[in-house]
Amino acid sequence: MKRAIDLLFSLTGFIILFPVLILVAILVAIFHGFPVLFTQNRPGKDEKIFKMYKFRSMTNEKDIEGNLLPNDKRMTAFGKFLRHSSLDEIPSLINIIKGDLSLVGPRPLLVDYLELYNDFQKQRHNVKPGLTGWAQVNGRNAISWEERFKLDVWYVENKSLWLDIKILAKTIVKVVSRDGITHEGDVAMPRFKGSHFSKQTNS
């Protein structure tokens with residue numbers, strides 16, 4: 001049932017939003033250059049790695065040594081709009097159609113984090129990751145990693161069709177209100193480092 005719902009909504013959404021997808025792709029090319037898509041390996045169910053697609057919300061500007069500038073230096077006004085409106089997530093519908101993602105589930109994080117999880121946190125990979133999730137409607141990027149993982153595991157232990165419907169409804173409210181987009185003024189969540197973290201990443 002969950003897979004059928006994922007396919008129905010992702011295919012319908014992709015068809016309806018296709019003109020928007022083309023328009024956003026053109027604007028990303030203008031403001032951020034090529035490629036227009038941000039692709040990155042992420043762990044899915046049972047830690048199986050897949051390539052996730054999003055629109056780029058940052059430029060690829062580098063310092064004189066060839067290193068990428070910090071996130072806040074590469075984030076453009078258009079990029080902030082993409083994130084605040086969640087339009088950068090449209091290409092992820094392809095991941096749902098392919099079966100990498102579900103509409104609802106723990107958000108897929110970085111592959112680097114796999115070796116940092118404890119046994120409790122690893123439970124987030126017992127289900128397919130989602131485009132939105134219980135943590136996203138209960139704080140999104142404004143909560144700590146510890147709180148986020150507790151919410152992810154709670155979802156895994158209490159998943160149901162009704163809960164998914166509730167999360168999708170609350171996601172719409174969150175996107176419209178732009179609640180929890182940033183973490184204490186940063187443009188992205190700090191990098192997870194086990195019990196200590198400081199750097200930023202495109203999580």
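How many aromatic pairs does the count come to? The count comes to eleven aromatic pairs, where rings of Phe, Tyr and Trp (its six-membered ring) pair if their centres lie within 6.5 Å. The views below start with one of them, and a few notes on the model come before that.

This is a predicted model, so local features need pLDDT of at least 70 and side-chain atom pairs count only at pLDDT 80 or more, while totals for chains, interfaces and linings use all residues. Residues are numbered from 1 along each chain as its sequence is written, and side-chain values use heavy atoms, with hydrogens and water left out.

**View 1. The whole chain, to get your bearings.** The chain holds six helices and four strands; these are DSSP runs (helices H or I, at least four residues; strands E, at least two), numbered from the N terminus. Along the sequence they follow the pattern α-β-β-α-α-α-β-β-α-α. Of the 203 residues, 47% are buried (buried means under 20% relative accessible area, exposed over 50%, partly exposed in between, with a 1.4 Å probe and protein chains only). The average pLDDT, the predictor's confidence in each residue from 0 to 100, is 87, and 90% of the residues score at least 70. Please take care with residues 181-187, where the pLDDT is below 50, and with residues 196-203, where pLDDT stays under 50.

**View 2. Tyrosine 113 meets phenylalanine 192.** This aromatic pair is edge-to-face, at 5.6 Å centre to centre and 75° between the planes (planes under 30 degrees apart count as stacked, over 60 as edge-to-face and the rest as tilted). Tyrosine 113 sits in the loop between strand S3 (102-104) and strand S4 (130-132), and phenylalanine 192 in the segment after H6, so the pair ties together parts that are 79 residues apart in sequence. Both tyrosine 113 and phenylalanine 192 are buried. Look around them for one aromatic cluster, formed by Tyr113, Tyr117, Trp145, Phe149 and Phe192.

**View 3. Helix H5 against helix H6.** The axes of H5 (residues 145-158) and H6 (residues 161-177) come within 9 Å and cross at roughly 140°. That makes H5 oblique to H6 (under 35 degrees counts as roughly parallel, over 145 as roughly antiparallel, 65 to 115 as roughly perpendicular and the rest as oblique). Trp154, Tyr155 and Asn158 of H5 make the contact with Leu163, Asp164 and Ile167 of H6, contact meaning heavy atoms within 4.5 Å.

**View 4. Valine 153 in helix H5.** Valine 153 lies in helix H5 and is buried, with a relative accessible area of 1%. Not counting residues up to four places away in sequence, valine 153 touches Phe120, Gln123 and Arg124. Valine 153 and arginine 124 are 29 residues apart in sequence, yet 5.4 Å apart in space, C-alpha to C-alpha.

**View 5. Helix H1 against helix H3, with histidine 32.** H1 and H3 (residues 77-85) pack at an angle of about 145°, their axes 10 Å apart. From H1, Val24, Leu27, Val28, Phe31 and His32 meet Phe78, Gly79 and Leu82 in H3. Histidine 32 belongs to helix H1 (residues 2-32) and is buried, with a relative accessible area of 7%. Leaving aside neighbours within four places in sequence, the contacts of histidine 32 include Arg56, Ser57, Met58 and Thr59.

Methods:
Axes fitted to C-alpha atoms, helices over the stretch in contact; angles between N-to-C directions.
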